[in-house]
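Hello,

Here is the structure you were expecting. My notes follow below it.

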Amino acid sequence: MKDNTSLTAKSMTAKSMTGASILWECLEREGVKTVFGYPGGAILPAYDALKGSKIHHILVRHEQGATHMADGYARASGQVGVAVATSGPGATNMVTGIATAMLDSSPIVCITGQVGSKLIGSDAFQETDITGVTLPITKHNYLVTHASEVARTIREAFYVARSGRPGPVLVDITKDAQQSTCEFDWEAAKPQLPGYRPDLSPEPKEYEQALELIHNAKRPVILAGHGIIISGAMAEVREFAERTGIPVALTLLGIGAFPAAHPLNLGMMGMHGEAWVNHTIQEADLLLAFGMRFDDRVTGNLKTYASNAKKIHIEIDPAEINKNVKVDVPLVGDLREVLHELLPKVESIDRSEWLDSIDKLKGDAAVRDIQNLPDSGHLYAAHVINDLWRETRDGDTVVVTDVGQHQMWEAQYYKHEKARSLITSGGLGTMGFALPAAIGAKVARPEAEVWVVVGDGGFQMTLCELATIVQENLKVNIAIINNGFLGMVRQWQEFFYERNYAATPLLNPDFAKLGEAYGIRSMTVTERSQVVPSVRAARQHDGPVLINFRVEQEDTVYPMVAAGASLHEMIRRPSKIVETAEDE
Amino acid sequence: MLNTYVVYVENKPGVLTRVASLFRRRAFNIDSLTVGRTEKPEVSRMTITVDADYDQARRIEANLYKLVNVLLVENITNQPAIVRDLAMIKVAATHEARSHVLELAGVFRARVVDVAPESLTIEITGAEDKIDGLLEVLRPYGVLEMVRTGIVAMRRGKASTGAPATNNTDHNVAEEDVSHSV
């Protein structure tokens with residue numbers, strides 16, 4: 001009855017709306033064009049109201065996929081991604097995707113249905129306390145029990161998700177809040193967040209201290225993180241590096257923040273970073289951390305980490321200051337704004353001595369090219385990725401990687417020149433991320449060429465989303481780096497568990513047949529000479545393509561800093577089959 | 001060292017859980033946490049004591065501020081402040097011990113709030129060490145039951161700001177942060 005009267009009222013005044021209609025109206029006003037979701041009982045009123053909305057709903061095959069798609073959408077575009085699910089299992093299936101977005105500071109808003117407000121606490125069918133479950137893995141979350149709260153909550157959710165250090169926000173809306181009606185007034189529903197302060201900036205004294213350290217440093221290095229891309233400070237970082245002559249080392253998520261081909265770009269740091277990059281950091285007398293958080297995968301043993309270096313930390317989140325590494329000067333604020341303050345005051349200093357010594361650390365490794373090594377008859381993942389880079393480097397290409405060996409090889413062998421051209425799960429290391437995140441990336445940037453680079457393990461965690469690709473007719477290319485193992489785990493077993501390959505060999509389906517079953521053009525590649533032709537064929541084909549690259553089974557990512565080891569103590573490749581660094 | 005924070009939060013459901021969850025999640029050890037109303041109905045006030053070194057104490061403050069519902073955090077550890085704990089202590093007090101217990105309560109300026117044939121219940125308010133002191137001298141008589149509230153604290157004089165305003169309808173949303181449908 002209530003619904004009928006609300007429909008009549010809506011047609012008469014256009015101001016009185018159901019909570020469900022207000023939800024879509026607010027999403028539209030927030031600029032949302034597409035949402036990724038999966039219906040169910042408690043969210044059905046919202047799905048019913050979708051028919052009156054301009055928003056395109058993409059039906060996923062698992063709610064985890066919806067969150068990764070929203071995340072991929074956000075990372076590809078910088079805009080907030082939206083995922084929708086029902087209560088209970090729908091909501092709990094989102095947990096992995098929310099945690100992934102949280103650790104990588106990705107702005108997503110998750111909308112979940114909840115059982116009727118009178119049933120909350122009764123263990124009703126498909127009831128889960130999802131705001132309780134997601135409390136530590138969201139930037140903020142809401143339980144909405146009245147239609148009149150929907151508009152303000154959605155506005156606050158978007159504002160919180162994208163401002164400051166971005167992150168996931170979950171909005172749980174009870175079924176009765178979706179069904180009941182109220183007056184809708186967008187203007188009156190402004191965010192009321194009296195305790196929320198996303199806009200901090202450093203003290204003048206701190207700028208002076210930073211400038212003094214910069215001007216006195218003999219061996220400075222910039223550590224370029226994800227914050228550069230989030231802040232949109234790529235041009236400022238480049239100008240800063242060029243003006244000061246300071247070389248740049250990248251975190252995994254910082255890849256693309258500074259052009260790979262730039263003479264001051266050293267490459268990736270950390271556990272699988274290039275040897276000379278880690279040595280440079282260890283020998284530095286000043287680290288300039290730009291929007292990065294000294295993750296254990298980039299520092300190694302904290303006791304021996306850059307022990308002779310002063311540290312300047314430019315970071316938007318004050319809780320990151322002195323968390324892992326004690327810093328000398330924190331500059332808490334938006335990186336782009338902080339660099340705008342610093343840029344007019346930095347002096348150009350000749351650092352050729354320092355840069356020459358880094359070149360010596362590199363040896364000839366930096367100019368050596370794996371493509372020039374003779375074809376041994378083996379297909380290595382590095383070949384596949386390097387060839388993929390050569391073929392796609394000139395276009396607007398987005399590579400979305402999963403987690404494991406292929407992810408590290410991609411970071412080493414695909415040279416990213418532009419921000420938002422690599423999307424990967426760094427902090428949480430979520431296997432199964434790549435395929436759905438690539439769907440989100442393609443939806444956000446339909447003109448871009450999107451490649452999934454995924455292992456055979458991770459692919460099978462979310463491969464159901466192949467159906468989503470086909471249903472939405474998305475041109476996404478999938479390169480499975482298939483080594484028949486959970487490769488990175490196998491590598492750890494090789495190094496640290498006496499080659500006891502417990503539970504790492506995989507019995508896989510024929511991925512090409514699987515792709516064909518979904519209606520996706522698929523092929524299998526086993527030789528190096530077939531890599532380029534297969535990539536070309538995939539690029540020319542009008543629809544999605546899956547390539548099953550059957551690579552060397554027991555290949556290993558080098559160099560490697562063992563967990564807990566010092567950053568300069570790297571395990572190096574024993575043979576000379578594939579050079580990753582100065583491996584002699 | 002023991003740090004004392006006064007934390008003003010929005011009086012909304014679930015805020016206590018958010019604060020408690022933060023301490024658990026970041027592995028900070030709460031020594032005591034009290035929460036109650038303030039002079040403003042929309043603001044609640046927590047007094048939290050935590051064992052933390054200087055850097056940890058800074059990070060706790062920063063992490064508290066990351067909670068959207070937290071309005072203001074004051075670390076009053078080294079500030080002049082009034083710090084009070086309240087305890088109710090039920091002491092075994094048969095006729096010969098009764099006068100001794102009453103005498104001790106009087107010395108500590110504690111109040112007897114319940115008298116029973118076999119026991120006395122004493123209410124005491126004060127700094128934690130004062131309550132510890134009373135407990136110690138009462139223990140030989142037999143402490144049957146005891147409850148303490150944990151401390152509440154307030155800075156002295158003008159230093160205390162009181163509960164911050166929340167009715168900030170002109171919240172500072174930068175214009176470029178808002179997208180409009182077209």
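**Helix contacts in chain A**

In chain A, Q64(A), T67(A), H68(A) and D71(A) of α4(A) are in contact with T96(A), G97(A), I98(A), T100(A) and A101(A) of α6(A). By class, the residues of this contact are 2 nonpolar, 6 polar and 1 charged. Please keep in mind that the model is predicted.

Helix α4 of chain A covers residues 63–77, and helix α6 of chain A covers residues 95–103. Their axes come within 7 Å of each other and cross at roughly 25 degrees. An angle under 35 degrees counts as roughly parallel, so α4(A) is roughly parallel to α6(A).

Helix α13 (residues 275–283) of chain A packs with helix α16 (residues 352–362) of chain A. The angle is about 140 degrees, and the axes are 9 Å apart. That angle therefore makes α13(A) and α16(A) oblique to each other. Their crossing is right-handed. On α13(A), the contact uses W276(A), H279(A) and T280(A); on α16(A), it uses I358(A), L361(A) and K362(A). Sorted by class, the contact of α13(A) with α16(A) has 3 nonpolar, 2 polar and 1 charged residues.

**Chain A overall**

Chain A contains 24 helices and 22 strands. Along the principal axes, its C-alpha atoms fill a box of roughly 80 × 65 × 40 Å. How does the radius of gyration of chain A agree with that of a compact globule? For 584 residues, a compact globule would have a value near 25 Å; chain A has 25 Å, so the two agree.

Of the 584 residues in chain A, 56% are buried. Now the contacts in chain A with a separation of 6 or more: 77% of them are between residues 24 or more positions apart.

**Where chain B meets chain A**

The two chains touch. The contact involves 26 residues of chain B and 24 residues of chain A. Which elements of chain B each supply at least two residues of the side that touches chain A? They are α1 (15–25), α2 (54–66) and β4 (70–75) of chain B. The largest share comes from α2(B), with 7 residues. On the side of chain B that touches chain A, 6 residues are nonpolar, 12 are polar and 8 are charged.

Send me any questions once you have been through the files.

Best wishes

Methods: Residues are numbered from 1 along each chain as its sequence is written. Chains are lettered from A and ligands numbered from 1 in the order in which they are written. This is a predicted model: local features need pLDDT of at least 70, side-chain atom pairs count only at pLDDT 80 or more; totals for chains, interfaces and linings use all residues. Axes are lines fitted to C-alpha atoms, for helices over the stretch in contact, and angles run from 0 to 180 degrees between N-to-C directions. Helices (H or I, at least four residues) and strands (E, at least two) are DSSP runs, numbered from the N terminus. Angles under 35 degrees count as roughly parallel, over 145 as roughly antiparallel, 65 to 115 as roughly perpendicular and the rest as oblique. Two residues are in contact if their C-beta atoms, placed from the backbone, lie within 7 Å. Ala, Val, Leu, Ile, Met, Phe, Trp, Tyr, Cys and Pro count as nonpolar, Asp, Glu, Lys and Arg as charged, and the others, Gly among them, as polar. A crossing is left-handed if the near helix is turned anticlockwise from the far one by less than a right angle, and right-handed if clockwise. The radius of gyration is taken over C-alpha atoms; the globule rule is 2.2 Å times the number of residues to the power 0.38. A residue is buried if 20 or more other C-beta atoms lie within 10 Å of its own, exposed if 12 or fewer, and partly exposed in between; C-beta atoms are placed from the backbone.
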